Amino acid sequence: GDALRAAAEGERASKWPIWRSRSGSGDGDCRSSSMSIDSPIRVESVGSVTPSSSLDLGSASLDLGSEDGLGLGHKNPLRDTSQIPTHYRLHGQIEIMSVDDQPTNHLVLERMFKKTDYKYVSRLNGLSTLALLEERGFLPDIFLLDVMMPGMSGHELCRSIRQIYSTSFVPIIMISAKSSPENIMEGFAAGCLDFICKPFTRKEVLARIRAHVHQVQAVAYQVQQATRRNSTMNTDTSSRNEESQKEC
């Protein structure tokens, strides 16, 4: 039974490409005392990962339970999200949304992205993140999710995003001070595409972001080309129909 469960977990995790940070000692913890912008940055995360709430990925509803104490005991019906755009598709600028319950961690990341062309948006918990996405009607281009957050963990938020916006391609990067194989596997099984271990360096984070930005831009270009082809085909069809009607 244990062997079968382990094999199943490995199979689920293998569906997502794995990039592992080389930071840390490999024993599950990453430590540093330096605060230099180009050296390992120590970021603190308070709270523990709560047991996963009921999340049925094969059903037509999202049940997030009510164990988090934040009133999340309702079901949200899935809807067609194929037409939901990203910030880049709307405004031509890459938007990075970071979700972390520690404001000091946001200050570190905001400082990192200050001299880049990226727009940085921060949220303090999973609930406010999902509410913001629903309210504004478009997605960021990249998510940075801290794993250990009270109420809804980063893994739970990742699963929710992947379920609600199942037809949208948005890279999700998990950030954690724990680099154990079990924690990394859980992140990829939840739907993340990359994993960064704390402490991290500015160069590492920007390099990983740039790699995913190239994918985001490539997907946006493909969508744009497909839209143009469809528009041209519709125009040609309309023209032919008008000519046929004139001949009649």
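View 1. Why do Arg208 and Glu204 sit about one helical turn apart? Because they are four residues apart in helix H7 (residues 202-247). Helices here are DSSP runs of H or I with at least four residues, strands are runs of E with at least two, and both are numbered from the N terminus. Glu204 also counts as buried, at 16% relative accessibility.

As for how to read these views, residues are numbered from 1 along each chain as its sequence is written. The model is predicted, so local features need pLDDT of at least 70 and side-chain atom pairs count only at pLDDT 80 or more, while totals for chains, interfaces and linings use all residues, and side-chain values use heavy atoms, with hydrogens and water left out.

**View 2. The salt bridge of Glu95 and Arg136.** The structure holds six salt bridges, and here the side chains of Glu95 and Arg136 meet in one at 2.5 Å, N to O. This pair links distant parts of the chain, with Glu95 in strand S3 and Arg136 in helix H4, 41 residues apart. Glu95 is buried, with a relative accessible area of 0%, whereas Arg136 is partly exposed at 22%. Salt bridges that share partners also bring in Lys119, joining Glu95, Lys119 and Arg136 into one network.

View 3. A salt bridge of 3.5 Å, N to O, joins the side chains of Glu186 and Arg159. Arg159 is buried, with a relative accessible area of 16%, and Glu186 counts as partly exposed at 28%.

View 4. Look for Asp141 in the loop between helix H4 (126-136) and strand S5 (142-146). A polar contact of 2.9 Å joins the side chains of Asp141 and Thr86, and the Asp141 side chain reaches the backbone nitrogen of Tyr88 at 3.1 Å. A polar contact is a pair of N or O atoms within 3.5 Å; within protein, one must be able to donate a hydrogen and the other to accept it, and residues adjacent in sequence count only if both atoms are side-chain atoms.

**View 5. The largest nonpolar core.** Of its 28 residues, Phe143, Leu145, Ile172 and Met174 touch the most other members. A nonpolar core is a set of buried Ala, Val, Leu, Ile, Met, Phe, Trp, Tyr and Cys residues joined through side-chain atoms within 4.5 Å. Several elements each supply at least two residues, among them S3, H4, S5 and strand S6 (172-176), and H5 gives the most, with four. Setting aside residues up to four places away in sequence, Ile172 touches partners including Phe143, Leu145, Cys158 and Ile161, where contact means heavy atoms within 4.5 Å. A second, separate core of 19 residues includes Ile94, Val108, Ile209 and Val216.

View 6. An unreviewed UniProt entry annotates Asp146 as "modified residue: 4-aspartylphosphate"; UniProt positions are given in the numbering used here, feature names are shortened, and annotations may be inferred rather than shown by experiment. Asp146 is found in strand S5 and is buried, with a relative accessible area of 3%.

**View 7. The two ends of helix H4.** At its start, a side-chain oxygen of Asn125 reaches to within 3.2 Å of the backbone nitrogen of Leu127. Just after H4, Gly137 takes a positive phi of about 80°.

Technical notes: Buried < 20%, exposed > 50% of the residue type's maximum accessible area, 1.4 Å probe, protein only. Salt bridge = Lys/Arg side-chain N within 4 Å of Asp/Glu carboxyl O.
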